[in-house]
Amino acid sequence: MTDGQENRRSFRVNESVYVRFETLSDQEYEDGLEHRKVQLGDSESTQAMLVDIEARLSEAMYRLNSESETVGKCVTLLNDKINVVIDALPGVRQSKAELAKTLPLSCDVGADGIVFPSKQALEIGSKLYIQLLLVSDNRFFDSFCRVIRHADLPPGNDPDVYPYGIAIEFTGMKPSQREMLIQHMFNRESETLRMRRLQIENG
């Protein structure tokens, strides 16, 4: 993994997310992971091509945004257009509709996991299936995961309602979704840097 890829994975951002999760038994967790592997294996070559394209596209968008904001924005819009088609798939559309009926939560989001507020305490090592819908760009992600630590409550949450901060690590996210999440994190970082430059220039 290159330094650039490692930086993108380790970057974290606080944002509003619709979150839904369920606690799994060890058997449900293992069965779920195995079932997902079979699903991915049905189209292994296509999946590998998609992951490779997403990775190279993310790197190219990073360079383009640095060199030319206009060109970078055009490429981002084209990629978003493709994602709109993906999001229109029946299964994704139904999951997003169900998630959107809940209240969004303030979460610390990263490419390898998130910290989310919870009304209930979860033991370290607990295995979960989680669904996420990002408010900022309406992107949907789902993954098997495990609780790796108890964390500070992300800012913006009411501690009387959500007293627990839960840090999870994604363990079964589809490679294509992981690359899209990395791209999302990178775009947020680029936007933050752009806003800082504008503040300096106008300050």
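**Exercise 1. Contacts and overall layout**

Task: Determine what share of the contacts between residues at least 6 apart in sequence join residues at least 24 apart.

Solution: In this predicted model, 76% of the contacts between residues at least 6 apart in sequence join residues at least 24 apart. The next step is to list the elements of secondary structure, which are six helices and six strands. Along the sequence they follow the pattern α-β-α-α-α-α-β-β-β-β-β-α. The protein has 203 residues, and 39% of them count as buried.

**Exercise 2. A salt bridge between a helix and a strand**

Task: State how many salt bridges are counted, and describe the one formed by Asp-26 and Lys-127.

Solution: The count comes to four salt bridges. In one of them, the side chains of Asp-26 and Lys-127 meet with an N to O distance of 3.3 Å. Asp-26 belongs to helix H2 and Lys-127 to strand S4 (residues 127-134), so the pair ties together parts that are 101 residues apart in sequence. As for accessibility, Asp-26 has a relative accessible area of 52% and is therefore exposed.

**Exercise 3. A salt bridge with a buried partner**

Task: Arg-178 forms a salt bridge with Asp-112. Locate both residues, and decide whether Arg-178 is buried or exposed.

Solution: The closest N and O atoms of Arg-178 and Asp-112 are 2.9 Å apart. Arg-178 is in helix H6 (residues 175-202), while Asp-112 is in the loop between strand S2 (105-110) and strand S3 (113-118); the pair links distant parts of the chain, 66 residues apart. For the second part, the cut-off for a buried residue is under 20% relative accessible area. Arg-178 has a value of 15% and is therefore buried. Asp-112, at 28% relative accessibility, counts as partly exposed.

**Exercise 4. A charged patch on the surface**

Task: Name the residues that form the negative surface patch, and find the helix that contributes the largest share.

Solution: The patch is formed by Glu-22, Glu-28, Glu-30, Asp-31 and Glu-34. Its largest share, four residues, comes from helix H2 (residues 26-41). Glu-30 lies in helix H2. Its relative accessible area is 45%, so Glu-30 is partly exposed.

**Exercise 5. A backbone angle in a loop**

Task: Find where Asn-138 lies, and describe its phi angle.

Solution: Asn-138 is located in the loop between S4 and S5. Its phi is near 60°, a positive value in a residue other than glycine. With 40% relative accessibility, Asn-138 counts as partly exposed.

Definitions and conventions:
Residues are numbered from 1 along each chain as its sequence is written. This is a predicted model: local features need pLDDT of at least 70, side-chain atom pairs count only at pLDDT 80 or more; totals for chains, interfaces and linings use all residues. Side-chain values use heavy atoms; hydrogens and water are left out. Patches are made of residues with over 30% relative accessible area and no salt bridge: like charges are joined within 9 Å, nonpolar side chains (Val, Leu, Ile, Met, Phe, Trp, Tyr) within 5 Å. Accessible areas come from the Shrake-Rupley method with a 1.4 Å probe; for residues, only the protein chains shown count as cover. Lys and Arg count as positive and Asp and Glu as negative; His and the chain ends are not counted. The place of a charge is taken as NZ of Lys, CZ of Arg, CG of Asp or CD of Glu. Helices (H or I, at least four residues) and strands (E, at least two) are DSSP runs, numbered from the N terminus. Buried means under 20% relative accessible area, exposed over 50%, partly exposed in between (1.4 Å probe, protein chains only). Contact means heavy atoms within 4.5 Å.
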